[in-house]
Every structure is written in C-alpha cells, then in structure tokens.
Amino acid sequence: MIAQFGGSLMPDGQTLRPDLAAIARNISPGTRVLDIGCGDGTLLSHLREEQQVDARGMEIKSELVERCVTKGLSVVQGDADRDLSEYPDKAFDYTILSQTLQTAARPDHMLDQLLRVGREAFVSFPNFAQWRTRTALMFGGRMPVTRSLPVSWFETDNIHHVTIADFRELIAQKGVAVEGCWFFSGGRAISPVGANWRAEFAVFKLSR
Amino acid sequence: MLSKPLSLDSGQVLSGATIAYETYGELAEDKSNAILICHALTGDQYVGSTHPVTGKPGWWERMVGPGLPIDTNRFCVICANVIGSCMGSTGPASEADDGTIYGMRFPVLTIRDMVRGLVGLLDELGIEQLHSVVGGSMGGMQALSLAANFPDRTARVLAIATTARHSAQNIAFHEVGRQAIMADPNWRGGDYYADGATPDAGLAVARMAAHITYLSEAGLTDKFGRRLQNRDAKSFGFDADFQVESYLRYQGSGFTQRFDANSYLYITRAMDYFDLAEEHGGRLADAFSGHANNSGARFFLVSFDTDWLYPTAESRHIVHALNAAGAAVSFVELSAPYGHDSFLLEVPALDRAVRGFLDA
C-alpha cells in the first residue's frame with residue numbers, strides 16, 4: 001500500500017473510502033471513466049453498479065488485475081508512466097489517479113496525460129505538509145513515518161513527495177483549472193481552511 | 001460436413017468440408033452456454049479427452065472438465081479440428097472430389113478461413129452467439145479473428161499467449177520447418193500418401209526446431225542443463241549425448257506418429273499469413289470496430305513473461321488497439337517459467353484468471 005487512508009474505514013467492505021466516495025459523488029452517471037491504479041476495482045465496481053458508468057481500469061500488479069477480472073471489470077495490467085500514452089485523446093469523460101501521483105517518474109507529465117486522455121481528471125495524494133509530517137521531520141530529524149505515510153524512505157514507492165501548496169502551484173503553472181477539491185484527515189472529510197497544515201490527503205478535480 | 005461451401009481468402013472455394021469436433025458438457029436449451037475452444041498449430045479437437053492415436057490425455061485436460069476452470073458442469077465446450085489439419089477435418093490428406101488425395105492441390109488457407117469453418121460448424125449446431133471463444137497461441141489468433149470478422153458470434157474473447165500478426169522471426173522459424181519437410185526425399189512434392197513412405201525425418205526436424213521456440217532458455221537449462229543422456233562421458237560422436245538432444249529427438253519422432261507433414265506446411269503458412277490489421281485496412285483498431293463503446297464482446301488477453309515466441313508486447317499491441325476501438329478489454333501478464341508453452345502447463349494464476357473471466 002502506497003499510503004494508508006485511515007485504518008478501519010471499510011469494516012463491512014461496502015462503504016467506499018471517503019476520498020473515493022468524494023470522487024464517486026462527483027462523477028455523472030453513464031459516463032466513461034478510466035481509473036489508473038485501480039487496485040482491486042472497488043471504486044470501479046461502485047461506479048459501474050451504482051452509477052451505470054462505463055468503468056475501465058489500469059493496474060500494475062497482476063494479482064489485483066485478476067481480482068478485477070473476476071468481478072467482470074475491464075482492467076489492463078500496465079504502468080501509467082508508460083502505457084497511458086497509448087490511449088487516444090479524450091477517450092474518457094474522467095480519469096482518476098488515486099494516491100499514485102507521488103509514485104510517478106514525472107508527476108507533471110502524468111498530469112498532462114490524465115487531462116489528454118480524460119476531459120476531466122481526479123487526482124488524490126498524501127499531503128507531505130500535514131502537521132504530523134512536519135513535526136516528525138522537524139523534531140525527529142528523520143524522514144517521517146506516519147499513519148498516512150507508513151513506509152520507510154528506503155522502501156517507499158513515493159518518490160515525489162508533494163504538498164497541497166506545491167500541487168496548487170504546479171497546476172497553476174500548467175493552466176489547469178480546479179473544478180473542486182476535498183480534504184481528509186483521520187479518515188474524515190475536513191474543511192478546506194488551513195488544509196495544507198491539517199489535511200492528510202487531498203482530492204482535486206481538474207480540467208483544462 | 002458443412003452444408004455451405006467455404007469461400008476462402010485465396011479466392012478458391014472449398015465445398016463439402018468436413019469439420020471433426022468434440023463436445024464436453026450439456027448445451028443449455030437456449031444455447032447460451034457454449035464455449036468454443038480453438039486449438040493451436042499441432043492441436044486437435046481432443047481438448048479434454050484421450051487422444052485416439054497417442055492414447056495420451058487431452059491437450060488441455062488440466063483446464064477443461066467438471067469443476068475445472070472451464071467447467072463442463074456449467075458450459076458446453078466445443079472443440080473442432082481446424083480445416084487444413086489431419087485429425088478428421090478436411091485437409092491436404094483428405095480426398096478431393098476426383099477421389100484422389102489433395103496433397104499440394106489443397107488450397108492455401110488463412111486463419112480467417114479456419115474461422116469460417118468454425119463458424120460454419122456453429123451454424124450447423126444452431127449456436128448464434130457463443131458464451132466465449134477461447135484459444136492459446138494459434139487458437140488465440142482464431143479467437144481474435146472470429147471476434148473481428150464475426151463480432152456478433154461471441155460475448156467473450158479469451159486470447160492467451162498470442163499475437164495479431166506473425167513477425168519476421170515467427171515466419172523465419174516456420175520456414176525452417178517447412179524447408180526441412182520439403183527437403184526430405186520422401187516428401188515428393190507432397191504426393192507421398194500412396195506407398196506409406198512419409199517424410200518423417202523432415203517433419204521431425206520441423207517439430208524439433210519449433211519445439212525450442214515453445215520453451216524458455218531458463219526452462220531448458222532447468223530441465224536439461226548440460227546433462228548427458230544415459231552415459232558418463234561424451235561419446236565423441238553424433239549420437240544424442242545430451243539429454244536435451246534426446247528429448248528433442250523423442251519429441252520429433254513422436255510427432256510424426258500423429259501429424260501429417262502437408263498439414264504442417266498448410267497450417268504454418270496460414271499462421272505466417274496472419275495479420276489482423278492488414279485484413280482491416282492496416283489499422284488494428286479497425287479490426288475491432290464491431291465491439292466499440294462497450295456494446296460488443298468482453299476481451300481478456302493473457303501473456304507470459306517468459307514467452308519469446310509471442311511476447312507480452314504483442315498482447316499489449318492488441319490491447320491498445322482494443323482500447324482505441326473502445327472495446328471492453330482486460331489484460332494481464334502472468335509470470336511462469338515455461339515460455340510459450342506456459343498456457344498448456346501448471347500455472348495456477350492462469351487457472352484463476354480463466355475461471356474468473358468466464359464466471360464474471
């Protein structure tokens with residue numbers, strides 16, 4: 001797992017994680033969606049069954065692709081850094097990149113691809129400027145290992161740590177519009193006030 | 001016997017073709033549970049039952065049967081010998097209209113022609129739409145060709161360890177095999193059926209060369225290494241000193257007991273001619289236009305990381321085309337040590353994937 005989002009949020013396996021729920025609520029029914037890094041297909045299944053979405057996925061781990069296929073989902077094993085470029089322009093209404101941006105070789109190029117393949121894009125990521133991370137670094141003097149970033153620096157997949165403020169700056173530079181944003185801490189949605197200090201995770205809806 | 005003549009890609013017409021097939025499991029009353037399994041180059045209809053010539057188990061008995069991933073308690077599995085082959089379907093060893101054996105007068109076939117024969121069989125059986133078409137290697141080519149040319153005839157397509165076109169390397173290996181057959185003095189222009197002197201030596205060499213392409217280097221090393229065959233030292237001669245030589249010779253000679261050399265020529269030619277994009281104006285995505293916008297079949301492509309005959313890149317190429325066409329496609333590369341032959345062997349992840357796809 002790249003970043004831990006709460007611990008016990010899905011006791012019955014039915015409720016969507018709050019960041020995924022925020023994404024699902026903001027997707028129009030009957031649209032075409034590509035979920036990049038779709039895992040075991042939880043969000044895709046929800047979108048297909050509850051919102052009649054034509055839901056497609058990309059996932060790098062073969063075991064997770066197998067689980068998606070068993071659910072009847074259309075999921076392609078692939079590496080977003082390499083394979084996203086093979087999709088046609090505007091093939092989807094929405095692209096989704098959950099908790100994966102910080103693992104991309106070039107997050108800026110990845111953003112371009114997301115908005116080329118999809119008319120709109122959802123991007124979620126762990127916020128490295130959250131107070132727990134800041135205090136762990138400031139007082140511990142070591143790369144933070146927190147509940148939202150539980151893996152040590154030498155084995156984490158997160159190669160581009162990013163803060164909400166950094167992300168806003170990147171999309172402003174790229175001329176990308178923010179259609180909506182949602183922030184989470186302790187497994188719950190929080191207000192946007194002081195989000196760069198308070199939020200463990202952020203979800204942005206983007207368009208160009 | 002097909003009631004309608006088959007119009008072939010060569011422009012020739014094959015009338016009264018016989019298709020030999022086996023079925024496993026019961027066909028539902030509404031005929032909605034039929035799975036067509038397409039066999040590979042040297043395969044046959046005995047997918048799940050004992051081969052009548054060799055007495056060996058069916059070629060995919062580990063996959064097809066009651067309770068197995070392709071579950072014959074639920075599905076009616078149909079497997080037919082392709083035209084051009086030699087296990088009962090019409091091929092070069094069959095009698096032509098004039099009562100003599102075709103030999104090289106048999107028309108050159110394509111993968112699409114084989115599929116036309118299979119669709120002819122479905123017509124005879126009254127099956128309008130298959131639950132799934134499934135195939136590995138050349139069987140995967142047929143599955144893709146069926147989906148491209150007869151998009152309404154199947155709801156699912158499972159293509160394993162396959163390609164949408166034969167590469168120069170693929171063609172080159174096949175040409176080695178064909179030249180070995182044609183260089184055998186017993187081949188005699190393909191007219192060898194009368195006196196029993198068949199081009200076994202050439203066919204065995206063809207099989208040996210091809211067999212190497214079905215295995216991985218690591219697999220060969222693991223299985224044989226440089227170990228010697230029933231001896232303590234090299235013989236300083238040309239007997240089969242090494243285990244791998246002995247194995248290949250055994251594979252080659254065993255093959256000649258069950259396969260016709262001319263069929264080998266015709267079927268390898270059909271595979272070499274296979275280029276699904278070329279058939280559809282040069283753009284592979286256009287081959288799948290009948291499956292656009294989620295209205296068509298669901299596709300599942302599976303490749304193996306050690307398959308250098310039809311490597312993962314070939315499957316990805318198909319997946320990209322299907323995506324471009326807007327078709328519903330899944331793809332996974334499985335890790336298995338056996339090279340191209342992995343689809344026939346013990347790979348639990350393949351069992352799970354096949355079962356999961358067919359059941360969903």
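Student: Where in chain B does Ser49(B) lie?

Tutor: Ser49(B) sits in the loop between β4 (34-38) and β5 (64-65) of chain B. Helices (H or I, at least four residues) and strands (E, at least two) are DSSP runs, numbered from the N terminus. Residues are numbered from 1 along each chain as its sequence is written, while chains are lettered from A and ligands numbered from 1 in the order in which they are written. Please keep in mind that this is a predicted model, where local features need pLDDT of at least 70, side-chain atom pairs count only at pLDDT 80 or more, and totals for chains, interfaces and linings use all residues.

Student: Why is Ser49(B) called partly exposed?

Tutor: A residue is buried if 20 or more other C-beta atoms, placed from the backbone, lie within 10 Å of its own, exposed if 12 or fewer, and partly exposed in between. Ser49(B) has 15 other C-beta atoms within 10 Å, so Ser49(B) is partly exposed.

Student: What makes a residue a contact of Ser49(B), and which residues are in contact with Ser49(B)?

Tutor: Two residues are in contact if their C-beta atoms, placed from the backbone, lie within 7 Å. Leaving aside neighbours within four places in sequence, Ser49(B) is in contact with Glu22(B) and Gly58(B).

Student: Where is Ser246(B) found, and why is Ser246(B) called partly exposed?

Tutor: Helix α6 (residues 243-256) of chain B holds Ser246(B). Leaving aside neighbours within four places in sequence, Ser246(B) is in contact with Gln229(B) and Ala240(B). Asn230(B) is 16 residues from Ser246(B) along the chain, and their C-alpha atoms are separated by 9.9 Å.

Student: How do you know that chain B agrees with a compact globule?

Tutor: We use the radius of gyration, taken over C-alpha atoms, and a globule rule of 2.2 Å times the number of residues to the power 0.38. For 360 residues a compact globule would have a value near 21 Å, and chain B has 20 Å, which agrees. Its C-alpha atoms fill a box of roughly 65 × 50 × 40 Å along the principal axes. Chain B contains 11 helices and 11 strands, and buried residues make up 51% of its 360 residues. Among the contacts in chain B with a separation of 6 or more, 71% come from residues 24 or more positions apart.

Student: What are the domains of chain B?

Tutor: Domain bounds come from an automatic or database domain assignment. For chain B that assignment gives domain 1 (6-168 + 275-359) and domain 2 (170-267). The C-alpha centres of these two domains of chain B lie 26 Å apart. Their contact takes 26 residues from domain 1 of chain B and 22 residues from domain 2 of chain B.

Student: What makes a set of residues a nonpolar core, and which members touch the most others in the largest one?

Tutor: A nonpolar core is a set of buried Ala, Val, Leu, Ile, Met, Phe, Trp, Tyr and Cys residues joined through C-beta atoms within 7 Å. The largest has 162 residues, of which Val77(B), Ala143(B) and Leu144(B) touch the most other members. Helix α7 (residues 261-273) of chain B gives the most to this core, with 8 residues. Leaving aside neighbours within four places in sequence, the contacts of Leu144(B) include Val157(B), Leu276(B) and Ile318(B).

Student: How many residues does each chain give to the contact between chains A and B?

Tutor: Chain B gives 20 residues and chain A gives 15 residues. On the side of chain B that touches chain A, the largest share, 7 residues, comes from β11(B).

Student: How do you know that chain A agrees with the globule rule, and how confident is the predictor?

Tutor: With 208 residues, a compact globule would have a radius of gyration near 17 Å, and chain A has 16 Å, which agrees. Chain A has 8 helices and 8 strands, and 43% of its 208 residues count as buried. The pLDDT, the predictor's confidence in each residue from 0 to 100, averages 90 in chain A, and 93% of the residues score at least 70. Over residues 4-13 of chain A, however, the pLDDT is below 50. Where pLDDT is low, the predicted coordinates should not be read in detail.
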